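Let's take a friendly walk through this model together. Have the sequence and the 3D view at hand, and follow along as the pieces come up.

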Amino acid sequence: MNDWRDDIFQVLQDHEIKQVYHVPDAGHSKVIEMCQKSNSMRTLALTTEEEGVPLAAGAWLGGQRSVLLMQSSGVGNTINLMGLTKTLRFPFLTLITMRGEPGEFNSWQYPMGQGTPKVLEAMGVLVMSVDKAEDVKQTVDHAARSAFNGGQAVAVLLRQKLIGIKDFGKKRA
Amino acid sequence: MTATLQRRPLVKKILEGADDNLLVLGGLGSSNWDITNAGDRPLNMPLWGAMGGTVPMGLGLALAQPTKRVLVITGDADLMMVVSTLATVAAQQPDNLAICVLDNEKFGETGNQASHSSPRNNGPTDSGSGADLAMIARGCGIADTGTVREESEVAQLVKDLRTKKGPVFRLVKVMVEKLEFVMPPQDGAHLKDRFRQALLGRP
């Protein structure tokens with residue numbers, strides 16, 4: 001079986017994604033690197049996830065598909081501009097690596113991690129979720145179809161169970 | 001230094017003779033009314049909200065349409081909200097993107113409170129930080145920046161915004177004025193669809 005990260009890259013290519021937006025993120029790092037090396041994609045490092053939504057709107061105005069790769073902590077940064085997906089009604093796809101789920105080491109990740117599905121839903125984003133490697137390809141493919149064929153704003157939550165729990169290797173006393 | 005340039009005739013000059021090769025984004029509020037006053041057209045994308053989003057939207061569009069000229073016209077406070085986006089622009093170096101910031105040193109839509117580009121120590125209600133967006137743009141890595149204050153510089157400004165190799169950043173100091181609202185259609189989906197229809201031949 002493929003590495004699920006290879007599956008994500010393959011689906012992005014199959015759906016002719018041309019612009020890939022990201023911030024530094026360990027969970028997405030392999031996909032980001034594959035996109036950077038791709039001849040058919042342009043990757044943009046963002047200063048804040050907030051840029052990703054209007055970038056995607058601009059790309060769509062110009063006839064290109066895009067994806068925003070971010071972490072759950074970045075979702076909060078996007079919320080007002082996420083309203084653009086509703087106002088302009090344009091296809092929007094984001095893949096979100098989750099933090100702050102059960103098992104998380106870093107207490108600072110819990111508030112936004114736990115709030116992520118709720119705030120996305122509050123903004124009218126269709127939220128999908130995957131926690132098994134073998135389901136990644138189909139889930140991301142369905143998300144891309146809902147976005148680019150169905151005209152929806154779609155988020156796929158890549159659950160912490162899938163990505164692995166970050167462990168700093170220390171026990172707290 | 002008191003600004004003397006008036007934004008409405010200025011924007012009219014900037015957009016004069018706009019053809020199908022010019023894609024225009026107007027930031028929320030006054031810039032939206034300004035580009036609409038110059039003549040509403042399908043290849044204008046006037047924003048009614050999404051503060052902070054105008055420049056990144058222009059960048060996404062410029063990268064998607066490298067053979068068209070993309071011109072972002074917006075206010076100082078809209079850019080200031082996500083000012084770091086200038087570094088994202090600089091990293092991509094889109095040669096077809098021009099950014100024109102109309103800086104009246106005020107939050108004009110909400111009652112002319114001082115914005116950050118107002119001078120420091122300018123009285124209890126009119127003080128800002130003296131933030132210089134052209135300097136910030138340069139610091140973010142956009143090499144071609146400039147500030148325009150005089151009518152005599154406007155012809156060159158128009159030329160630079162319309163034709164010079166990008167990314168081009170121009171800060172234009174404009175007067176504080178009370179102007180009538182000149183509103184384009186408000187429905188975002190309609191604005192998007194008419195833009196794509198004119199540009200791509202499909203909504």
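In this predicted model, strand 1 (residues 22-26) and strand 3 (residues 69-75) of chain B run parallel and are joined by five bridges. To find one of the pairings on screen, look for B:Gly26, whose bridge partner in strand 3 of chain B is B:Ile73. Helix 3 (residues 54-64) of chain B packs on the sheet, where it touches strand 1, strand 3 and strand 4 (97-103) of chain B. The direction of helix 3 makes about 180° with that of strand 3 of chain B.

Now step back to the whole sheet. In chain B, six strands in the order 2-1-3-4-8-7 make up an open sheet with parallel pairing. Strand 2 (44-46) and strand 7 (144-148) of chain B each have a single partner strand, so one side of each is left without a neighbour in the sheet. From one strand to the next, the twist averages 15°.

Where do the two chains meet? The contact involves 26 residues of chain B and 27 residues of chain A. On the chain B side, helix 3, helix 5 (85-92) and helix 8 (188-200) each supply at least two residues. Helix 3 of chain B gives the largest share of that side, eight residues.

| Class | Residues of chain B on the side touching chain A |
|---|---|
| Nonpolar | 14 residues |
| Polar | 10 residues |
| Charged | two residues |

Chain A has seven helices and six strands. From the N terminus on, its elements run α-β-α-β-α-β-α-β-α-β-α-β-α. The radius of gyration of chain A is 15 Å, close to the 16 Å that the globule rule gives for 173 residues, so chain A is as compact as a globular protein of that length. Its C-alpha trace spans about 55 × 35 × 25 Å along the principal axes.

Finally, look at one helix pair in chain A. Helix 1 (residues 4-14) and helix 2 (residues 29-37) of chain A pack at an angle of about 40°, their axes 9 Å apart. That angle makes helix 1 of chain A oblique to helix 2 of chain A, and their crossing is right-handed. From helix 1 of chain A come A:Arg5, A:Ile8 and A:Phe9, which meet A:Lys30, A:Val31, A:Met34 and A:Cys35 in helix 2 of chain A. By class, this contact has five nonpolar, no polar and two charged residues.

How values were computed
Residues are numbered from 1 along each chain as its sequence is written. Chains are lettered from A and ligands numbered from 1 in the order in which they are written. This is a predicted model: local features need pLDDT of at least 70, side-chain atom pairs count only at pLDDT 80 or more; totals for chains, interfaces and linings use all residues. Two strands pair if DSSP finds at least two bridges between them. Helices (H or I, at least four residues) and strands (E, at least two) are DSSP runs, numbered from the N terminus. Axes are lines fitted to C-alpha atoms, for helices over the stretch in contact, and angles run from 0 to 180 degrees between N-to-C directions. Two residues are in contact if their C-beta atoms, placed from the backbone, lie within 7 Å. Angles under 35 degrees count as roughly parallel, over 145 as roughly antiparallel, 65 to 115 as roughly perpendicular and the rest as oblique. A crossing is left-handed if the near helix is turned anticlockwise from the far one by less than a right angle, and right-handed if clockwise. Ala, Val, Leu, Ile, Met, Phe, Trp, Tyr, Cys and Pro count as nonpolar, Asp, Glu, Lys and Arg as charged, and the others, Gly among them, as polar. The radius of gyration is taken over C-alpha atoms; the globule rule is 2.2 Å times the number of residues to the power 0.38.
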